[in-house]
Amino acid sequence: MKTYDIIIIGGGPAGLSAAVCAKKSGTDSILILERDKELGGILNQCIHNGFGLHTFKEELTGPEYAERFIEQVKELRIEYKLHTMVMDISSDKVVTAMNSTDGLFELKAGAIILAMGCRERSRGALNIPGYRPAGIFSAGTAQRLVNMEGCLPGRKVVILGSGDIGLIMARRMTLEGAQVQVVAELMPYSGGLKRNIVQCLDDYGIPLKLSHTVVDIRGKERVEGITLAQVDEKGRPIPGTEEAYECDTLLLSVGLIPENELSSGMGVELSRVTSGPVVNESLETNIEGVFACGNVLHVHDLVDFVSEEAAAAGRNAARYVQTAGMRQAAGCTVEIRAVDGVRYTVPSRINVERMEDIQTLRFRVGGVYKNCFVSVYLDEERILHRKRPVMAPGEMEEVKLKREELLQYPDLQTITVKLEEV
Amino acid sequence: MMTVGKRELICIGCPMGCPVMVEMDGGEIVSVSGNTCPRGDAYARKEVTNPTRIVTSTVKAEGGLVEMISVKTKEDIPKDKIFDCVRALKGITVKAPVHIGDVILADVAGTGVDVVATRNA
């Protein structure tokens with residue numbers, strides 16, 4: 001069986017950045033497995049600008065951002081296989097994959113980096129009554145059809161869900177000549193970035209109806225119309241608020257789910273909140289030598305942060321294979337509690353001995369909070385208390401922990417991250 | 001565009017989306033506040049006088065592995081030229097090979113700005 005030091009599952013932004021950083025950290029034997037016909041992942045269909053301000057200090061489109069990393073992968077002569085679907089990963093790191101030239105094959109890895117990304121929630125997850133007519137697409141499917149295949153999926157459009165892809169597609173379909181009538185959002189706040197509300201909806205006069213949902217889809221062969229209704233604070237439609245729209249297309253932008261079938265198949269512990277693996281400071285899962293990064297770990301808003309996180313996973317995987325068999329068991333692992341409005345943190349446990357000098361904790365909040373404080377406690381002692389004018393579930397937050405500071409608490413039991421009003 | 005009063009904007013310069021307030025008097029910008037970086041100041045001043053956007057779209061491709069080539073205006077163009085820009089790109093087919101940065105359409109819609117490829121093919 002052919003063996004690699006590191007096998008990376010997925011050649012999107014996370015996989016590419018992890019590969020580049022692992023190679024630069026001194027590990028040569030690396031393989032990226034990608035199911036699509038090219039590297040770059042979802043960035044290839046994200047033709048809008050706004051990527052890379054953190055990483056490259058300039059504003060790039062998705063394909064341009066991907067190309068920066070693809071160039072590095074090629075320059076560093078990192079091996080990759082396209083059109084290759086990973087079928088299974090065993091807990092002892094044997095990867096079973098297939099493609100049309102090699103057939104079914106097995107590879108052995110010293111370390112594995114999970115970088116499979118996420119997929120969109122579909123209509124099936126939403127409980128909307130009505131027939132199953134043509135014309136209902138996830139926003140990302142519509143994005144692929146328009147931007148990569150050159151097809152416009154419809155002319156009169158309603159969008160359910162105000163996630164970023166839905167907002168971006170409202171603008172894109174408008175530019176391509178479709179009439180986007182309304183974006184409806186179940187929650188009382190948008191799930192997307194504020195800048196996208198401004199430049200994708202406001203610029204084109206597309207209304208955003210918060211606390212609204214689709215209660216009926218009409219049409220048997222093709223969508224003929226939908227009905228929106230306002231919802232109460234529990235998300236239940238309010239009778240008498242129904243409004244009918246004529247449309248041939250309904251786009252759904254109702255959330256992303258990390259794609260973890262391979263991870264759970266190999267016994268990786270998953271978080272109920274993020275649907276991604278539970279990881280420690282090294283972005284290592286409960287299985288030693290198996291790391292996770294990018295949207296398979298938790299859904300990000302910004303690719304820049306995916307690249308940064310994946311670089312850490314690549315660096316840690318390289319260190320793991322280079323020191324195999326002599327890992328330091330020193331130091332114990334401290335659990336991080338996410339409470340009082342903080343839904344989760346990534347990572348969710350930290351070994352202080354092994355952490356880098358500065359550890360970023362990323363998290364999301366459970367509602368809209370104004371003028372609240374983000375606080376970090378080491379056991380009972382508050383070490384961070386930072387005011388944030390606005391926090392919303394659609395925008396990822398972060399705090400940074402300093403290793404030096406944590407080392408001063410040798411008996412540390414728990415780290416708590418929470419929101420406080422004062 | 002506007003002569004007197006305050007205008008509240010959301011900066012689109014980066015994903016932070018800072019709320020920015022512009023005070024105007026007689027067509028003059030009196031003050032910009034709320035921005036957390038110089039981009040926000042520049043965005044706000046432009047947005048109340050001559051709002052501009054980068055436009056991204058696609059054109060058909062021939063002879064490569066892909067059907068479509070993604071493109072963008074090399075710089076931001078006036079907001080009221082967005083639809084002219086997209087219309088001007090309709091019907092254009094480019095032949096592979098194409099490289100990032102290749103000019104696909106020069107001086108789009110009389111803006112003086114070129115439309116360039118954003119992917120290789």
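Student: In chain A, which residue forms a salt bridge with E281(A)?

Tutor: Ground rules first: this is a predicted model, so local features need pLDDT of at least 70, side-chain atom pairs count only at pLDDT 80 or more, totals for chains, interfaces and linings use all residues, and side-chain values use heavy atoms, with hydrogens and water left out. Residues are numbered from 1 along each chain as its sequence is written, while chains are lettered from A and ligands numbered from 1 in the order in which they are written. A salt bridge needs a side-chain nitrogen of Lys or Arg within 4 Å of a carboxyl oxygen of Asp or Glu. Here the closest N and O atoms are 3.2 Å apart, and the partner of E281(A) is R354(A).

Student: How many residues apart are E281(A) and R354(A)?

Tutor: E281(A) is in the loop between helix 6 (261-265) and strand 19 (290-292) of chain A. R354(A) is in the loop between strand 22 (349-351) and strand 23 (358-365) of chain A. Helices (H or I, at least four residues) and strands (E, at least two) are DSSP runs, numbered from the N terminus. The pair links distant parts of the chain, and the separation is 73 residues.

Student: Is E281(A) buried or exposed?

Tutor: The cut-offs use relative accessible area (1.4 Å probe, protein chains only): under 20% is buried, over 50% is exposed, and in between is partly exposed. E281(A) has a relative accessibility of 6%, so it counts as buried.

Student: Where does E353(A) find its salt-bridge partner, and which helix holds that partner?

Tutor: The side chains of R403(A) and E353(A) meet in a salt bridge, at 4.0 Å from N to O. E353(A) is in the loop between strand 22 and strand 23 of chain A, 50 residues from R403(A). At 39% relative accessibility, E353(A) counts as partly exposed. As for R403(A), the element that holds it is helix 8 (residues 403-406) of chain A.

Student: Which helix of chain A gives the largest share of the side that touches chain B?

Tutor: There are 10 residue pairs in polar contact between the chains, both residues at pLDDT 80 or more. The elements giving two or more residues to that side of chain A are helix 2 (62-75), helix 3 (139-147), helix 4 (164-175) and helix 5 (194-201). The largest share, four residues, comes from helix 5.

Student: What is the area buried between chain A and chain B?

Tutor: Buried area is the accessible area (1.4 Å probe) that two parts lose on being put together, summed over both. In contact terms (heavy atoms within 4.5 Å), 29 residues of chain A meet 30 residues of chain B. Carbon and sulfur atoms give 56% of the buried area, which comes to about 2600 Å².

Student: Is the ring pair of Y204(A) and F83(B) stacked or edge-to-face?

Tutor: Rings of Phe, Tyr and Trp (its six-membered ring) pair if their centres lie within 6.5 Å; planes under 30 degrees apart are stacked, over 60 edge-to-face, and the rest tilted. There are five aromatic pairs over all chains. Y204(A) and F83(B) have ring centres 5.9 Å apart and planes at 85°, so this pair is edge-to-face.

Student: Which residue's side chain joins that of E420(A) in a polar contact?

Tutor: E420(A) is in strand 27 (residues 414-420) of chain A and is buried, at 15% relative accessible area. A polar contact is a pair of N or O atoms within 3.5 Å; within protein, one must be able to donate a hydrogen and the other to accept it, and residues adjacent in sequence count only if both atoms are side-chain atoms. Not counting residues up to four places away in sequence, E420(A) touches several residues, including C372(A), F373(A) and H385(A). At 2.6 Å, the polar contact is with Y377(A).
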